[in-house]
Amino acid sequence: MGEFNVHRVRFFNYVPSGIRCVAYNNQSNRLAVSRTDGTVEIYNLSANYFQEKFFPGHESRATEALCWAKGQRLFSAGLNGEIIEYDLQALTIKYAVDAFGGPIWSMATSPNGSQLLVGCEDGSVKLFQITPDKIQFERNFDRQKSRILSLSWHPAGTHVAAGSIDYISVFDSKSGSAIGKMLVDRQYMGVSKRKCIIWGVAFLSDGTVISVDSAGKVQIWDSATGTLVKNHLVSNADVQSIAVSAQEDSFVVGTAEGTVFHFQLVSVTSSSSEKQWVRTKPFQHHTHDVRAVAHSPTALISGGTDTHLVIRPLMEKVEVKNYDAALRKITFPHRRLVSCAKKKQLLLFQFAHHLELWRLGSTVATGKNGDTLPLSKNADHLLHLKTKGPENIICSCISPCGGWIACSTASRFFLYRLNYEHDNISLQRVSKMPVFLRSALQILFSEDSTKLFVASNQGSLRVFRLLEGGFTHLHSFQPQSGTVQSMCLLAVSPDGNWLAASGTSAGVHVYSVKQLKLHCTVPAYNFPVTALAIAPNTNNLVIAHSDQQVFEYSIPDKQYTEWSRTVQKQGFHHLWLQRDTPITHISFHPKRPMHILLHDTYMFCLIDKSLALSSQQRCCCGHAVMQFGLRAQPAHRALVPCEGGVGGARGEQQMALKEPLPNDKTLLYNPLPPTNESDVIRRRTAHAFKISKKYKPLLFVDLLDEKTLVAVERPLDDIIAQLPPPIKKKKFGT
């Protein structure tokens with residue numbers, strides 16, 4: 001099968017933004033996450049925690065609060081004083097309303113989801129009525145002396161608790177009058193602090209109010225009498241967030257030291273009906289401040305400055321102890337931030353406000369499998385392209401020939417022409433843009449770099465022909481009548497005749513670029529699409545879903561291929577289905593279309609369909625810039641790149657003689673067999689997946705040509721090193 005030179009790229013200096021707030025929707029089982037740069041992400045917890053939607057950030061939007069309302073409506077508020085509602089279908093901001101109270105620090109929806117409360121810098125609490133089309137101001141509550149940092153409704157909707165500085169106020173929700181005030185002790189470790197900031201409050205059905213503050217305390221209050229019932233000192237730093245379960249039998253808090261504490265309501269004695277709140281479990285999955293927490297029926301969710309979204313399952317709530325009960329950490333977005341110009345070996349990196357263009361290094365050295373080869377020419381940083389304005393970049397792409405770069409923000413679309421002269425590069429912006437081309441959710445160039453495909457947030461797909469000095473509009477594929485669905489993923493066939501597009505909710509649509517019409521629609525599947533690509537020669541569409549299923553659909557025949565039907569009939573290996581990161585990119589060998597290359601964050605896999613009914617293979621792993629062997633050997637053996645199993649051991653992947661996939665009795669990540677292993681034993685554990693866990697975390701993997709592979713990594717230690725220093729904690733013996 002030949003040999004590959006692997007470019008191991010680690011100069012993509014990408015650092016995700018920290019998590020500021022989260023909001024869990026129990027009805028749809030979705031989680032909204034807001035980051036410090038204003039980006040809002042929507043995770044579908046029922047679809048393997050896939051990030052199915054996102055709204056790009058904005059420099060002027062420092063989001064401080066998120067909440068869901070009736071009808072699956074999402075609102076946010078921040079320090080610019082505006083309340084924003086998001087259009088979850090078009091993936092745009094629906095509208096923004098100024099609350100006229102200065103910066104907004106907190107927000108909460110009523111239990112029935114029809115009213116919205118915001119707490120402002122000037123001490124005001126403002127009530128808005130949620131109408132079908134917008135929100136309408138209703139009344140002001142009694143103004144307080146300092147900013148309102150936290151809000152919580154009583155589950156019956158009759159009262160509201162508001163956390164401020166040094167005290168907690170209780171309001172009557174109908175009249176807006178303050179009917180109670182609870183003063184918080186400033187004492188901290190025996191020393192009087194200057195101020196005590198109430199970072200979070202939770203109002204329970206029995207009238208109990210739970211508060212967390214900057215003195216490291218979790219306090220239980222009786223709202224009727226305004227007295228302190230119980231005090232828990234849990235941290236030497238701020239306790240910054242709190243979330244209560246729907247049954248009100250447990251809650252979770254996050255601290256500035258990176259610790260998450262779980263509290264449960266337990267009986268005082270086995271025979272007593274009296275219950276009290278007890279701190280049961282501490283979790284240390286963060287290195288920095290835990291700014292936000294959420295409590296789903298089966299898991300504790302936390303996020304903070306270290307950029308990780310951590311899902312910690314509650315083992316007593318999980319009925320079946322399978323992989324769903326495992327800890328999950330989500331760090332990187334579930335979308336591509338890297339594009340490649342294969343012909344010129346260029347990589348385009350997307351950051352929040354700029355793009356970087358790099359040329360890969362090269363080597364003339366040779367070596368055996370697994371050797372690291374010295375570079376004869378280092379990688380070159382060719383271009384740093386900064387966008388104007390406060391908006392984050394949504395998407396970007398470089399043409400396969402390296403002559404075009406396109407990118408888009410929420411309100412502007414940019415197209416650049418690149419010219420190369422020896423080691424010099426010149427950039428020319430295409431200035432005359434059509435009026436209808438304001439922004440894009442996805443951009444893709446054809447394989448011959450003569451066409452540009454743009455997916456808008458209104459569901460339309462636009463096709464442009466690229467000219468030397470600009471472009472012309474050829475056609476627009478409009479969405480079906482009565483639907484507004486944003487197309488988030490695009491794939492074009494190598495011959496340029498077919499275009500596949502996947503939306504936020506429906507199936508995959510395939511368009512004929514020659515005839516400029518809809519060709520077919522792939523049957524809808526219950527889980528969202530995470531990646532898709534069209535194979536050369538056969539024009540088979542390979543689709544990966546968030547539940548780790550992979551389908552192959554024949555575009556000319558308008559049906560699933562025989563290989564795909566066989567795969568679905570047999571089923572994937574249980575370890576394959578239990579991977580917790582989605583496949584984000586699919587590609588094919590330029591000379592062997594039967595080879596499918598795909599990757600997620602922690603592995604890349606080569607599926608060789610041509611060997612599904614024949615040979616066996618032996619593993620040989622390598623390093624980069626390095627060579628790893630896929631060199632043909634006698635007796636139908638071939639060296640394949642692979643490593644690591646569940647325990648991280650070096651592994652072997654083999655091809656089944658009569659099965660295209662490994663079954664559950666076969667090791668997906670096989671240990672490296674002894675050299676004297678018999679062929680009978682080898683065949684017994686053989687299958688078609690060749691998996692490598694050598695490179696991680698992976699942001700991009702692709703074949704530059706038939707002998708060259710590029711892998712873009714982003715080590716987590718490099719990200720942590722660029723974050724602000726965490727709070728120093730005293731350790732025993734130091």
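Predicted model: local features only at pLDDT ≥ 70, side-chain atom pairs only at ≥ 80, totals over all residues.
The structure contains 22 aromatic pairs. In one of these, formed by F477 and Y511, the ring centres are 4.5 Å apart and the planes meet at 35°, so the pair is tilted. F477 belongs to strand β43 (residues 471-477) and Y511 to strand β46 (residues 508-512), so this pair ties together parts that are 34 residues apart in sequence. Both F477 and Y511 are buried. Elsewhere, ring pairs join F11, F12, Y14, F349, F351 and W358 into a cluster.

Over the ring of W576 sits the charged end of R579, at 4.0 Å from the ring centre. The ring of W563 has the charged end of K609 over it, 5.5 Å from its centre.

Attention now turns to the nonpolar cores. In soluble globular proteins, nonpolar side chains tend to be buried together. The largest nonpolar core here has 32 residues, and the members that touch the most others are L74, F413, L415, I443, F445 and L452. Beyond residues up to four places away in sequence, L452 touches F413, L415, I443, L444, F445, R462, V463, F464 and L466. Another core, of 21 residues, lies apart from the largest one and has V542, W563, W576 and L598 among its members.

Two single residues complete the picture. H585 lies in strand β52 (residues 585-588). With a relative accessible area of 8%, H585 falls under the 20% cut-off and therefore counts as buried. Its side chain makes a polar contact of 3.4 Å with the side chain of R336. Setting aside neighbours within four places in sequence, the contacts of H585 are R336, A531, L597, L598, H599, F700, V701 and D702.

R465 is found in strand β42 (residues 461-466). Its relative accessibility is 35%, which lies between the 20% and 50% limits, so R465 is partly exposed. R465 and K451 are 14 residues apart in sequence, with their C-alpha atoms 4.6 Å apart in space. Again leaving out neighbours within four places in sequence, R465 is in contact with T450, K451, G470, F471, T472 and L474.

Methods:
Residues numbered from 1 in each chain as written. Heavy atoms only, no water. Phe/Tyr/Trp six-rings, centres within 6.5 Å; stacked < 30°, edge-to-face > 60°. Helix = DSSP H or I, 4+ residues; strand = E, 2+ residues; numbered from the N terminus. Buried < 20%, exposed > 50% of the residue type's maximum accessible area, 1.4 Å probe, protein only. Lys NZ or Arg CZ within 6 Å of the ring centre and 35° of its normal. Core = buried A, V, L, I, M, F, W, Y, C linked by side-chain atoms within 4.5 Å. Contact = heavy atoms within 4.5 Å. Polar contact = N/O pair within 3.5 Å; in protein donor to acceptor, adjacent residues only side chain to side chain.
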